[in-house]
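Thanks, everyone, for making the time this morning.

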Amino acid sequence: MKIQKFKNEIYCMVDEDFISHFEYNHRDYMKTMYYDFYSTFCKHHNRKALSKEEFFKNMRRRRIRFYQLCCPYCGTILLMPTDKKLMNSSSPNYCCNCGRASTTYMLIKHLSRFIRISGILYMGLKEFKKEHEDTEDWLLGYDCYQMEIIELASIIEVVCRECFEALIFIKNIGLNNDYIRKVISKSAGNDFMNIEKSNKHFKKAFDIDLKSLIDKKKWDDLIDIVNLRNMMVHNNGRVDEHFKNTVSYQRLKTNVDDTLYHLEQHTVDEYFNSVMDAVIDITNAYLEKYIVYRHAAIANYYFNYKSIDFYEGQEV
């Protein structure tokens, strides 16, 4: 299964598209700043500089390209020159100051982890079936399928928490991030595991309504995954009264067999598809808002520094 690739949002190539996302009243200033950086770089390396007009044409195709780092986690803002012939990847992947990867990269890693876990479990159950041909598949895979549900619930929590924190930090870049992180942790608790509670935080903080972005069937699946996860973790996989009092029980009660919950691989696959689609929807909404905050943070940073040494780290 192919996972959608998102742009690395903490490193951006300085090109025409990147510059176009600055507010109109910031754009000319930022173009002058980037050209000054380029001119300084050329002088430092004994290269002939292009005219300002030529510099801002076909920027992505040039051998020497420039990447703008804006890390929401540590507040580092700097420009990085790269040589296309020496650099294999399309962009740097990690903040050179704190080592954090982009939020979208981390989300893809979690989805990939689930796929690896699911593949290994499938191969193991296939061999296990040879020794227990008369046992129903759902009983053979009872514990394994629950492990997959628990991992899916973790993905829901990670995507909501990581996107929320990155937006908080980029919107308030330069403040004490450790303090903000503690405030978020204390206020939100484990709310980000619950998609409905997560939605309340996103609406209040960023006016993002996650529920309106996600298909209703998939939204219900996200709720069911977390309620199943809670039953599996807190009651050793046995159906309890707490689960029976959830909205999920009304949708899923036909799968209850005494105190056991009947899960099959095709159901887990359907849940994974719902989670992956939700991750894409949430991430797209996150990136749309993040780009606005990021460009404002970059413009404000450079505007407030009258003299910049381009060969020294530029950090808020």
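Before the first pair of helices, a word on terms: an axis here is a line fitted to C-alpha atoms, over the stretch in contact in the case of helices, and the angle is taken between N-to-C directions, from 0 to 180 degrees. Please keep in mind throughout that this is a predicted model.

With that in place, let me begin with helix H2, residues 24-44, and helix H13, residues 265-303, whose axes come within 11 Å and cross at roughly 65°. The crossing of H2 and H13 is left-handed. On the H2 side the contact is made by His26, Tyr29, Met30, Met33 and Tyr34, and these meet Ile298, Ala299, Asn300, Tyr302 and Phe303 of H13. Sorted by class, this contact has eight nonpolar and two polar residues, and no charged ones.

H13 also packs with helix H6, residues 142-171, and here the two axes come within 9 Å and cross at roughly 5°. H6 and H13 are therefore roughly parallel to each other. The contact of H6 with H13 has 21 nonpolar residues, together with two polar and four charged ones.

Staying with H6, we can turn to its packing with helix H8, residues 195-206, where the axes come within 11 Å and the crossing angle is roughly 15°. Angles under 35 degrees count as roughly parallel, and H6 and H8 are therefore described in that way. The crossing of H6 with H8 is left-handed. The residues that H6 brings to this contact are Cys160, Cys163, Phe164, Leu167, Ile168 and Lys171, while H8 brings Ile195, Ser198, His201, Phe202, Ala205 and Phe206. By class, nine of the residues in the contact of H6 with H8 are nonpolar, two are polar and one is charged.

Taken by class, the lining of the largest cavity comprises five nonpolar and two charged residues, with no polar ones.

Methods. Residues numbered from 1 in each chain as written. Predicted model: local features only at pLDDT ≥ 70, side-chain atom pairs only at ≥ 80, totals over all residues. Heavy atoms only, no water. Nonpolar A, V, L, I, M, F, W, Y, C, P; charged D, E, K, R; others polar. Helix = DSSP H or I, 4+ residues; strand = E, 2+ residues; numbered from the N terminus. Parallel < 35°, antiparallel > 145°, perpendicular 65-115°, else oblique. Left-handed = near helix turned anticlockwise from the far one by under 90°. Contact = heavy atoms within 4.5 Å.
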